[in-house]
Amino acid sequence: MYEIRFHGRGGQGAVMAAQTIAEAAVYEGLEAIAFPFFGAERRGAPIMAFARIDDKKISLRTQVYQPDMVVVMEESLIEIEPVADGLKPGGCAVVNSKLSPNQIDLGVKARCATVDATSIALEMLKAPIVNTAILGAMARADDFVSIKAVKEAIASRFGEHLGEEAGRINAQAAQMAYEKVSIGESLAQRPITKRKMWLPTWQEMPPGVALYHEKRGEIEVGPGSSWQTRTGTWRTKTPRYLRDKCVRCARCWFICPDAAIKREADDHIDINYDYCKGCGMCASICPAKAIEMTKGAKL
Ligand code: SF4
Ligand code: SF4
């Protein structure tokens, strides 16, 4: 049995990628299943999806703990997720990155394929939806399925959802990635830190589930599950707070999907950049134009 684990962020199309690679395997006459695992279900949050492929009926329904291939759809996930955990000896990794494989530190030495899937997606699809480019890279990284079957599955699945032309362009993105992949060996310098298994305290409960008091006795919403999933590493735009303009209406605090905005004692705000993913909702809703979005991951 060949097992694949996808690590992506909500909105990148990891689930569709898992379904499409399974469909490609079926075109090759194999059996396949695909299924997702969601954590905090919001755009940008780390998610996993899985696929299993075999030449006989598959009855195993657990998550994939010992993959033959791990697929990292967004490079910064390596900083916050143990993406190579359990990778089988002889297994391989496919990473969306501009770096060469021998610059990718997965915490284990493994065959590693890198491809700049984001640039390919932006060029071909005009959007950073990297799943089809990643599928092309997967077909090149290991020979469990052919690029021909992958392109057929993309044309079918994406064509069905988005139209024939979209299916064709997505298949082209896969072909481009297939041709641009670099293959080498990853670094093993970082420790693979498994996620803490915890029963949350009242301070750690996700927003929406619990409100908690801080020392001064006022009610605030904490980053909750984001304590472990620092969505701030994904940011490409950064909100700048213009304190003098702020009318302290709290709308930004209320709308921030990652609870990255904290209210100070005088109702001014403070942005926690470990969790701010740069979505810009705070700037959009601010009636006083007291938050402006700047380009780049830092101010
Ligand atoms: S840009 Fe604003 S709304 Fe979006 S995550 Fe950052 S602080 Fe929250
Ligand atoms: S929405 Fe704008 S004015 Fe209101 S608290 Fe936030 S920054 Fe201040």
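Residues are numbered from 1 along each chain as its sequence is written, while chains are lettered from A and ligands numbered from 1 in the order in which they are written. In this predicted model, local features need pLDDT of at least 70 and side-chain atom pairs count only at pLDDT 80 or more, whereas totals for chains, interfaces and linings use all residues.

**Exercise 1. Describe the open sheet and the helix packed on it.**

Step 1. The protein has 8 helices and 13 strands; these are DSSP runs numbered from the N terminus, helices being H or I with at least four residues and strands E with at least two.

Step 2. An open sheet is formed by 7 strands in the order 2-3-1-4-5-6-7, with mixed pairing. Two strands pair if DSSP finds at least two bridges between them.

Step 3. Strand 2 (31-37) and strand 7 (182-185) are the edges, each pairing on one side only. From one strand to the next, the twist averages 20 degrees.

Step 4. Strand 1 (residues 2-9) and strand 3 (residues 46-54) run antiparallel and are joined by 8 bridges. Within strand 3, Ala49 is the bridge partner of Phe6.

Step 5. Helix 4 (residues 131-141) packs on the sheet and touches strand 4 (69-72), strand 5 (92-96), strand 6 (111-115) and strand 7. The direction of helix 4 makes about 150 degrees with that of strand 5; angles run from 0 to 180 degrees between N-to-C directions, and axes are lines fitted to C-alpha atoms, for helices over the stretch in contact.

**Exercise 2. Characterise the packing of helix 3 and helix 6.**

Step 1. Helix 3 (residues 117-125) and helix 6 (residues 164-180) pack at about 145 degrees, their axes 10 Å apart.

Step 2. On the helix 3 side, Ala117, Ile120, Ala121, Met124 and Leu125 meet residues of helix 6, including Ile169 and Met176. Contact requires C-beta atoms, placed from the backbone, within 7 Å.

Step 3. This contact divides into 9 nonpolar, 2 polar and no charged residues. Ala, Val, Leu, Ile, Met, Phe, Trp, Tyr, Cys and Pro count as nonpolar, Asp, Glu, Lys and Arg as charged, and the others, Gly among them, as polar.

Key
Two residues are in contact if their C-beta atoms, placed from the backbone, lie within 7 Å.
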